[in-house]
Amino acid sequence: MRTKRHTVLEILAWLLLLASYGITIYGMRHLPKTIATHYALDGTPDGYGSPGSLLILPIIITIASGIVSLVAHFVPVDMLNVPFEMNKKNEERVYQTIITMLHVLQMEIGAYTLYMTIMSYRQDARYAIASVVIFLAVLGATTVGATVRAYHINQQ
């Protein structure tokens with residue numbers, strides 16, 4: 001039931017995470033021994049640590065992406081929890097839509113992780129609040145859009 005599109009999206013998501021690790025490792029070698037690791041709402045630093053602390057976000061997202069990949073590869077169709085009664089004749093297309101959504105979300109999260117890693121490396125928090133709002137809006141739009149699409153496919 002998986003398609004080439006699913007594979008491409010999943011590989012892109014993992015490549016974005018790999019880039020985050022690359023920037024983090026580079027930063028660990030080139031940043032000062034103490035860097036800002038957290039910022040107040042106004043963008044001023046209020047937490048400090050070593051450049052190694054930049055690894056925390058990619059590690060957490062790697063675990064989350066691993067879980068998404070496991071779900072996408074190994075959870076059977078009948079275990080999917082969709083907000084509508086599944087029409088058996090359209091089950092495969094609905095499943096493909098949901099798997100596409102999972103991998104798009106995985107890619108969006110990977111892209112945001114890369115963005116945050118770059119901003120952390122640059123020690124720049126000017127757009128932190130705006131980027132969080134945009135990120136959550138994109139995740140919400142992807143989830144709602146894919147769910148509505150799956151519902152319409154299911155109704156055919």
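Trainee: Which residue forms a salt bridge with Arg-126?
Mentor: This is a predicted model, in which local features need pLDDT of at least 70, side-chain atom pairs count only at pLDDT 80 or more, and totals for chains, interfaces and linings use all residues. A salt bridge is a side-chain nitrogen of Lys or Arg within 4 Å of a carboxyl oxygen of Asp or Glu. The closest N and O atoms here are 2.8 Å apart, and the partner of Arg-126 is Asp-124.

Trainee: Is Lys-88 buried or exposed?
Mentor: Lys-88 is the partner of Glu-91. Its relative accessible area is 63%, so Lys-88 is exposed.

Trainee: How far apart are the mean positions of the positive and negative charges?
Mentor: Lys and Arg count as positive, Asp and Glu as negative, and His and the chain ends are not counted. Each charge is placed at NZ of Lys, CZ of Arg, CG of Asp or CD of Glu. The protein has 11 positive and 9 negative charges, and their mean positions are separated by 9 Å.

Trainee: In what order do the elements run from the N terminus?
Mentor: Helices (H or I, at least four residues) and strands (E, at least two) are DSSP runs, numbered from the N terminus. There are 4 helices and 2 strands. Their order is α-β-β-α-α-α.

Trainee: Where does Gln-123 lie?
Mentor: Gln-123 has a phi near 60°, a positive value in a residue other than glycine. It is partly exposed, because its relative accessible area is 28%. Its place is the loop between helix H3 (91–122) and H4.

Trainee: Which residues does Leu-31 touch, beyond four places in sequence?
Mentor: Leu-31 sits in the loop between H1 and strand S1 (35–39). It counts as buried, because its relative accessible area is 16%. Contact means heavy atoms within 4.5 Å. On that basis Leu-31 touches Pro-51, Leu-54 and Tyr-121.

Trainee: What separates the C-alpha atoms of Leu-31 and Tyr-121?
Mentor: Along the chain they are 90 residues apart. Between their C-alpha atoms the separation is 7.7 Å.

Trainee: What separates the C-alpha atoms of Arg-149 and Leu-31?
Mentor: Arg-149 is in helix H4. Arg-149 is exposed, because its relative accessible area is 52%. It lies 118 residues from Leu-31 along the chain, and their C-alpha atoms are separated by 45 Å.

Trainee: Which residues does Thr-142 touch, beyond four places in sequence?
Mentor: Thr-142 belongs to helix H4 (residues 128–155). It is buried, because its relative accessibility is 15%. Its contacts are Met-101, Val-104, Leu-105 and Glu-108.

Trainee: What area does the nonpolar surface patch of Val-8, Ile-11, Leu-12, Leu-15 and Leu-18 have?
Mentor: Patch residues have over 30% relative accessible area and no salt bridge; like charges are joined within 9 Å, and nonpolar side chains (Val, Leu, Ile, Met, Phe, Trp, Tyr) within 5 Å. Ile-11, in helix H1 (residues 4–30), is partly exposed because its value is 48%. Accessible areas come from the Shrake-Rupley method with a 1.4 Å probe; for residues, only the protein chains shown count as cover. The patch covers about 460 Å².

Notes: Residues numbered from 1 in each chain as written. Heavy atoms only, no water. Buried < 20%, exposed > 50% of the residue type's maximum accessible area, 1.4 Å probe, protein only.
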